[in-house]
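Take a walk through this protein chain, one element at a time. Keep the sequence and the model side by side as you read.

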Amino acid sequence: MTNILETVSGGAVALVLTMAAAQAATVSLERDYGTGAGKVDPGGNDALRTDAVMISDQSDSRFSDVFDLTSLADRTIESFDLTLTFAKAGPEKIFNFATEAWFVRVQGSDRSAGAVSDDFIAMLDDAQSPMTFRIDAQSDANNQDDAFASSVANGAFEFWFTDEGFLPNTFALDSARLDVTVADEISPVPLPATLPLLLAGFGGFAALRRRTRAA
Ligand SMILES: [Ca+2]
Ligand SMILES: [Ca+2]
Ligand SMILES: [Ca+2]
Ligand SMILES: [Ca+2]
């Protein structure tokens, strides 16, 4: 029985993945922080440099930024990939005490101050910059937050940073890019591409029927 189920579900999964790969499209939104030509001042009290914003854990009006998704309101958003380019974020520690440890947070549904349990949270690591973070239905489920569902529902992807090191800390955020994967508009799929998939699917069912009879 287990083998039969695997045959059927395996065929179904292959069909779905192939169609998703053929139909998904990516929309990229970018911010290049700093004061030079084409650079963005994200506001707040954090200091702007030529090509970065210096984010401080001592700032009264902490950095945050929002990617507006309203232009994608009629599209089905499948995932977000947030790529951050940064420096001087650590992590650093003395013995077992963190002196600097910055985390990116993507806002969940509760936007009141300090409500972070519904946010996507991940640590920054200088050695891995630029880092890409995937926020989707799977990350919502894995982390028990609702950053993906909330961003889609709000038409806005908002992110900010906190530091958990005990020293006063700053780090340089050079840029942020949001790659939004959307399901493509419904369009006719060319028959030659579809036919082998359908035949493979029927083949799976035929195998199932044969096995059932044999059993
Ligand atoms: Ca630092
Ligand atoms: Ca929140
Ligand atoms: Ca700190
Ligand atoms: Ca920059």
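Which residues does G165 touch, not counting residues up to four places away in sequence? The contacts are G90, E92, A98, T99, E100 and A101. G165 counts as partly exposed because 19 other C-beta atoms lie within 10 Å, where a buried residue needs 20 or more. Another pairing spans the chain: G165 and D57 are 108 residues apart in sequence, yet their C-alpha atoms are separated by 9.4 Å.

Step back to the whole chain. Four helices and twelve strands make up its secondary structure. There are 215 residues, and buried ones account for 19% of them. Take the contacts with a separation of 6 or more: 69% of them join residues 24 or more positions apart.

Confidence comes next. The average pLDDT of the protein chain is 84, and 75% of the residues score at least 70. Over residues 1-18 the pLDDT is below 50, and this stretch has 13 contacts in the model beyond near neighbours in sequence. Where pLDDT is low, predicted coordinates should not be read in detail.

Four strands form an open sheet in the order 4-11-8-9, and the pairing is antiparallel. Which strands stand at its edges? They are strand 4 (64-68) and strand 9 (120-123). Each has a single partner strand, so one side of each is left without a neighbour in the sheet. On average, neighbouring strands of this sheet are turned by 20° against each other, direction ignored. Strands of a sheet pair through backbone hydrogen bonds. Follow one pair in detail. Strand 8 (residues 102-106) runs antiparallel to strand 9, and four bridges join the two.

Helix 3 (residues 147-154) lies across strand 8, strand 9 and strand 11 (156-163). Its direction is at about 135° to strand 11. Which residues of helix 3 are buried? They are A147, F148, S150, S151 and V152. The cover over these buried residues includes strand 8, strand 9 and strand 11. It also includes strand 5 (77-87), strand 10 (131-136) and helix 2 (137-143). Just after helix 3 comes G155, with a positive phi of about 65°.

Pick out F86 and look around it. Leaving aside neighbours within four places in sequence, F86 is in contact with L124, S129, F171, A172, L173 and D174.

S129, one of those contacts of F86, opens the next topic: the backbone. Where are the cis peptide bonds to be found? The bond from S129 to P130 is cis, with omega near 0°. P130 sits in the loop between strand 9 and strand 10. A cis peptide bond also joins G90 and P91, with omega about 5°. P91 belongs to the loop between strand 5 and strand 6 (92-94). G90, recall, is among the residues that G165 touches.

The loop between strand 5 and strand 6 also holds K88. Phi of K88 is positive, near 65°, in a residue other than glycine. K88 has 18 other C-beta atoms within 10 Å, so it is partly exposed.

Further along is F95, in the loop between strand 6 and strand 7 (97-100). Its phi is near 55°, again a positive value in a residue other than glycine.

Technical notes. Residues numbered from 1 in each chain as written. Chains lettered and ligands numbered in written order. Predicted model: local features only at pLDDT ≥ 70, side-chain atom pairs only at ≥ 80, totals over all residues. Pairing = 2+ DSSP bridges. Axes fitted to C-alpha atoms, helices over the stretch in contact; angles between N-to-C directions. Contact = placed C-beta atoms within 7 Å. Buried ≥ 20, exposed ≤ 12 C-beta atoms within 10 Å, placed from the backbone. pLDDT = per-residue confidence, 0-100.
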